[in-house]
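I set down what I looked up, in the order in which I looked.

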Amino acid sequence: MPALVQQEAEPVTPELIAKPTPAAAPAPERAAINIIAARWLRLNKERIRATVIGLISLVAFLIVWHFLTKYRVVFFVRFTNVPSPLAVYDSFTKAIHDPKFLMHVLLSCRRIVLGFSLAALVAMPIGLVMGRFKLVHEVIFPVSEVMRPIPAIAWVPMAIMLWPTNEQSIVFITFLGSFFPILVNTLHGMSLVDPVLVRAARCLGAKEASIFREVYFPASLPHIFTGLTVGMGVAWVSLIAAEMISGQYGIGYFTWEAYSLVQYPDIALGMIAIGVLGLGSSLLIRGAGQLVMPWRLK
């Protein structure tokens, strides 16, 4: 048999050891992410700019408030008894752990939801019908114009006589405060509907109900939501006035009670809470308007 020749195995050097190749950076994915981020920044540039300017404005306001109260400035307006931002913040940290303060906020929000919802459900249909039918407009408009200038605070004694409980009278005043702005803006929106659109719908064979649903209502929506936004602000004003006069609970009563007890930081806390709640309510309405009217988004 032929002899088997054994060859000496070659020594394994470090260079011959297979090294794991480093994972290549996902350049396409990273580039796509950069493109998406750049597009988002370009589309939201104005919103980001407005947010930054708003934050700077708020910080500047707090700084000015701090120095005015620190040095007790008296220049036409007296800041001798006005609480500082730090004192208001201390009051806020105590209030958020107090169930009574949270109850005040929740009761005010519940009254706003009830009064504003009832006003919207009543004022919008009436405004639409008034804008469509001349006879209804002639019957209701004079009465509404006489009652509209009456401030909500003037309704407090009458509301107490009309309703058996303070809770119902406060909701009624809140209802009145938001009713007339919604009604007037809805009526204004109906008056601005282009008659060419109405004639075009009739030429296409649309019935009265279809014209009302497909032409008048969508064309009036921007003015309706303007009325809802204004009505929400007036509703908060009316609610706070009613709570200060006849209420036993609510953020308005909390603010007035703090004044009666000479608790100045709580006064400012109540005012800030009213402003934040009103701002949040208006933002909710604007967000709903963007959902209902996507064609108005820029």
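I began with glutamate 167, which at 25% relative accessibility counts as partly exposed (buried means under 20% relative accessible area, exposed over 50%, partly exposed in between, with a 1.4 Å probe and protein chains only). I keep in mind that this is a predicted model, in which local features need pLDDT of at least 70 and side-chain atom pairs count only at pLDDT 80 or more, while totals for chains, interfaces and linings use all residues. Residues are numbered from 1 along each chain as its sequence is written, and side-chain values use heavy atoms, with hydrogens and water left out.

I then looked up the partners of glutamate 167. Its side chain meets that of arginine 111 in a salt bridge (2.8 Å, N to O), the term standing for a side-chain nitrogen of Lys or Arg within 4 Å of a carboxyl oxygen of Asp or Glu. This pair links glutamate 167 in helix α7 with arginine 111 in helix α4, 56 residues apart (helices are DSSP runs of H or I, at least four residues, numbered from the N terminus). Arginine 111 is buried, with a relative accessible area of 3%.

Glutamate 167 also forms a salt bridge with arginine 110, at 3.0 Å from N to O. Arginine 110 is partly exposed at 42%. I noted that Arg110, Arg111, Glu167 and Glu243 are linked in a network of salt bridges, and that the structure holds six salt bridges.

Another of these bridges joins arginine 148 to glutamate 145, with the closest N and O atoms 3.0 Å apart; arginine 148 is partly exposed at 38%, and glutamate 145 is partly exposed at 27%.

Note on methods: Helices (H or I, at least four residues) and strands (E, at least two) are DSSP runs, numbered from the N terminus.
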